[in-house]
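Here is a short briefing to read alongside the sequence and the fold. Please keep the viewer open as you go through the points.

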Amino acid sequence: MNGIATTAPAVQPDHARTTIIRIDEYSEALRQTEDVRAFYSQDSNCSAIVSAIRDVSTEKKVKVISYDVFDTVLLRECKSEAARFLDISDRFVNLCRTNGAEPGFSVEDAFLARVSAARAAYAISPTIARNREGRFDDIARITCDLLNRSDLASAYVANELRYEVEATTANPIVKLIAKALPRTRIIFISDMYLEGDKISHLLSQKLGVNETGRVYSSADGFGSKRTGGIFAHVSAALAVTGEKILHIGDSLHSDYQMPRRYEWQSFHLPLPEAEKDARRRTHEATAAHFAKMGIDLDRYLQFNL
């Protein structure tokens, strides 16, 4: 059985559903670890998880394994989204300096342009399957327009992708599961502003070409995991019924409960509480940095942790 198992009669409305939770030993160890990257670096931890996934896949005759990308396949460094955006802005300013004269904007300017551009990109995106997702190409273009440097949009995209490659760690369980279940197809599903082709680039850089499969991103207009529409889209696109697809991810809602509502199998790999707490602290530190400048960061954008 997977780490957290939730059962609910399909005929009952949401408010009437009963949830039964079972926490296996490896799941509790993952939840309590201080460092998620260190946890997955230990062979015994990976072996327990891979065995559980292999058992579920065999029992349910799974044909496709679907992975969440960030914090499941690609383990992020221990920073909040705001802190990562500030790092990316710093790198971008330094990149512009090495390419010639001073760029004409500061790190903080680039950061504030980025979060403003994100709000604009989400606002102009169409609602598809009850989901509205910004696209990174739009975010990069609007960011550079706000900085009065529209000529730098391509460099902005390349800078962020390089950052993501360098700042993430490939989860070893992906290759181990592929070895344990060599005939099972692999795909990736992400609720993310990065388009599928860009996520595919990151995955090939971190996993190798042979370990990657089709990427379905909410930024490409397929709906999202958090509202569920993307699961229906993927089932139809693959011509595989949901009970033959196993989705693996860190979000209890988006990666475990929502696929179950669409009759998929699901397997929860929670992000440790210590990791969440550390990310909150980096968000608070970033917010304090801007507060010294008289800027209320949380009024610009509500960041994910």
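Which residue follows α10, and is its phi positive or negative? The residue after α10 is Ala239, and its phi is positive, near 60 degrees. Keep in mind that this is a predicted model.

**The chain as a whole**
- The protein chain contains 13 helices and seven strands.
- Of its 305 residues, 52% are buried.

**Helix α10 and its cover**
- Helix α10 spans residues 229-238, and its buried residues are Gly229, Ile230, Phe231, Val234, Ser235 and Leu238.
- Residues three or four places apart in an α-helix point the same way, because there are 3.6 residues a turn.
- The cover over the buried residues of α10 includes the strands β1 (64-68), β4 (185-190), β5 (215-217) and β6 (245-249), together with helix α11 (252-261).

**Phe231 and its ring partners**
- The model has eleven aromatic pairs.
- One of them joins Phe231 and Tyr262: the ring centres are 6.3 Å apart and the planes stand at 40 degrees, so the pair is tilted.
- Because Phe231 belongs to helix α10 and Tyr262 to the loop between α11 and β7 (265-268), this pair ties together parts that are 31 residues apart in sequence.
- Phe231 is buried, at 0% relative accessibility, whereas Tyr262 is partly exposed, at 30%.
- Phe231 also pairs with Trp264, with centres 4.9 Å apart and planes at 70 degrees, so this pair is edge-to-face.
- Trp264 sits in the loop between α11 and β7, so its pairing with Phe231 in α10 ties together parts 33 residues apart in sequence.
- Trp264 is buried too, with a relative accessible area of 3%.

**Other rings and charges**
- One aromatic cluster is formed by Phe85, Phe92, Phe105, Phe136, Tyr156 and Tyr193.
- Over the ring of Phe85 sits the charged end of Arg114, 3.9 Å from the ring centre.
- Arg214 lies over the face of Tyr216, 4.4 Å from the ring centre.

**Phe111 in helix α5**
- Phe111 is part of helix α5 (residues 107-124), and its 0% relative accessibility makes it buried.

Key. Residues are numbered from 1 along each chain as its sequence is written. This is a predicted model: local features need pLDDT of at least 70, side-chain atom pairs count only at pLDDT 80 or more; totals for chains, interfaces and linings use all residues. Side-chain values use heavy atoms; hydrogens and water are left out. Helices (H or I, at least four residues) and strands (E, at least two) are DSSP runs, numbered from the N terminus. Buried means under 20% relative accessible area, exposed over 50%, partly exposed in between (1.4 Å probe, protein chains only). Contact means heavy atoms within 4.5 Å. Rings of Phe, Tyr and Trp (its six-membered ring) pair if their centres lie within 6.5 Å; planes under 30 degrees apart count as stacked, over 60 as edge-to-face and the rest as tilted. A charge sits over a ring if NZ of Lys or CZ of Arg is within 6 Å of the ring centre and within 35 degrees of the ring normal.
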